[in-house]
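Open the model in your viewer and show the side chains.

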Amino acid sequence: MDRLDNTVRPYAWGSVTAIPRLLGTEPTGEPQAEMWMGAHPGAPSRTGRGTLAQVIDADPERELGAAAVARFGPRLPFLLKLLAAGSPLSLQVHPDRAQAQAGYEDEERRGVPVTAPHRNYKDANHKPELICALTEFDGLCGFRDPLRAAELLDGLGVDSLKPYVDLLHAHPEEAALREVLTAVLTADPDETAHTVTETAAACDRLGGPYTPYAGIAHHYPGDPGVIAAMLLNHVRLQPGEALYLGAGVPHAYLQGLGVEIMANSDNVLRCGLTPKHVDVPELLRIVRFEAADPGVLRPEAGPDDEEVYETPTDEFRLSRYVLPEGAPAHDLTLDAPQILLCTAGAVHTGEHDLTPGQSVFVPAGEKAAISGTGTLFRATVVL
């Protein structure tokens with residue numbers, strides 16, 4: 001069992017205080033957006049035996065187990081994070097596995113460098129993900145019903161939004177959402193900036209359901225993603241609640257601290273709220289134009305006090321243990337790799353005492369028992 005020393009990524013949208021508060025450290029004054037736990041080549045966790053990527057590469061079957069290697073290949077299939085949003089992340093979607101493979105092979109064939117800022121597909125994998133709130137957490141997830149989106153836009157009283165309102169009323173669901181998102185993302189930038197300025201002022205004035213979009217516009221003045229965001233469901237998670245984001249589902253995180261787990265991929269297609277590359281034709285090919293309830297997840301009771309966040313993805317499985325004072329020890333031994341993350345209290349496992357923000361990697365088959373008082377998240381795979 002290896003204690004992990006993890007990298008904190010200083011992305012501009014990160015909170016200055018949320019991760020330091022959890023870790024019990026002083027803020028640096030700089031944003032601290034994500035703490036990565038895993039073997040992703042971008043920032044692999046460090047152990048006493050080298051980086052976790054080096055440890056796994058040296059003996060994949062020993063570290064991951066023969067069944068996991070046979071199922072997912074000789075690398076850790078998931079990446080676990082603490083995510084702290086102080087301002088909105090980019091409005092984005094992820095491809096499914098077939099789309100990712102085709103896109104990756106196409107860009108490889110065309111010689112687009114993996115590090116190029118205009119590259120869409122950094123790898124050939126899909127990127128389903130789950131975010132579990134540690135604090136109250138705001139996000140956008142999936143399309144609203146077109147008629148509800150039309151009502152929201154119409155209520156602003158902005159004349160230049162009227163064509164979008166009419167489109168949302170005039171077509172079947174998929175066509176309506178596709179035409180409006182296409183129109184928003186391909187409109188004249190100067191005209192769009194003017195519309196967004198009027199929209200932001202109306203959101204500020206009206207408040208209520210418009211408040212989240214006023215905040216987005218404050219961070220991204222003139223960005224067409226402000227209007228695109230109003231086509232999506234706004235969700236406020238309470239601590240312990242979660243969202244699952246599958247392929248093609250547009251989403252953005254707005255504010256809050258959470259535990260995030262995802263398949264080990266960097267594939268992101270953006271449609272706004274970002275200075276990064278936006279490829280509108282490719283995005284429109286990947287997006288699933290389906291209105292749906294965002295489907296807030298709550299943990300389901302599993303054996304031995306484990307609380308499981310059920311998803312359709314096999315690359316990762318997230319669960320938690322909430323250990324009251326005097327609780328008996330729990331045996332977490334599995335024939336699969338695990339990362340254990342403490343988020344509250346003090347939890348003892350193996351030779352390690354974990355406090356909030358501290359984590360360990362448990363190789364497949366390694367004995368893992370936990371005790372103490374606090375909250376522990378467990379990341380593993382489904383075999």
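Predicted model: local features only at pLDDT ≥ 70, side-chain atom pairs only at ≥ 80, totals over all residues.

Residues are numbered from 1 along each chain as its sequence is written, and side-chain values use heavy atoms, with hydrogens and water left out.

The structure holds 19 salt bridges (a side-chain nitrogen of Lys or Arg within 4 Å of a carboxyl oxygen of Asp or Glu).

Select Glu 34 and Lys 81 first. Their side chains form a salt bridge, 3.0 Å from N to O. Glu 34 is in strand 3 (residues 34–37) and Lys 81 in strand 6 (residues 78–85), so the pair ties together parts 47 residues apart in sequence. Helices (H or I, at least four residues) and strands (E, at least two) are DSSP runs, numbered from the N terminus. Glu 34 counts as buried at 5% relative accessibility, and Lys 81 counts as buried at 5%. Buried means under 20% relative accessible area, exposed over 50%, and partly exposed in between (1.4 Å probe, protein chains only).

Next, select Glu 63 and Arg 49, a salt bridge whose closest N and O atoms are 3.0 Å apart. Glu 63 lies in helix 3 (residues 60–64) and Arg 49 in the loop between strand 4 (46–47) and strand 5 (50–51), so the pair ties together parts 14 residues apart in sequence. Glu 63 is buried at 4%, whereas Arg 49 is partly exposed at 45%.
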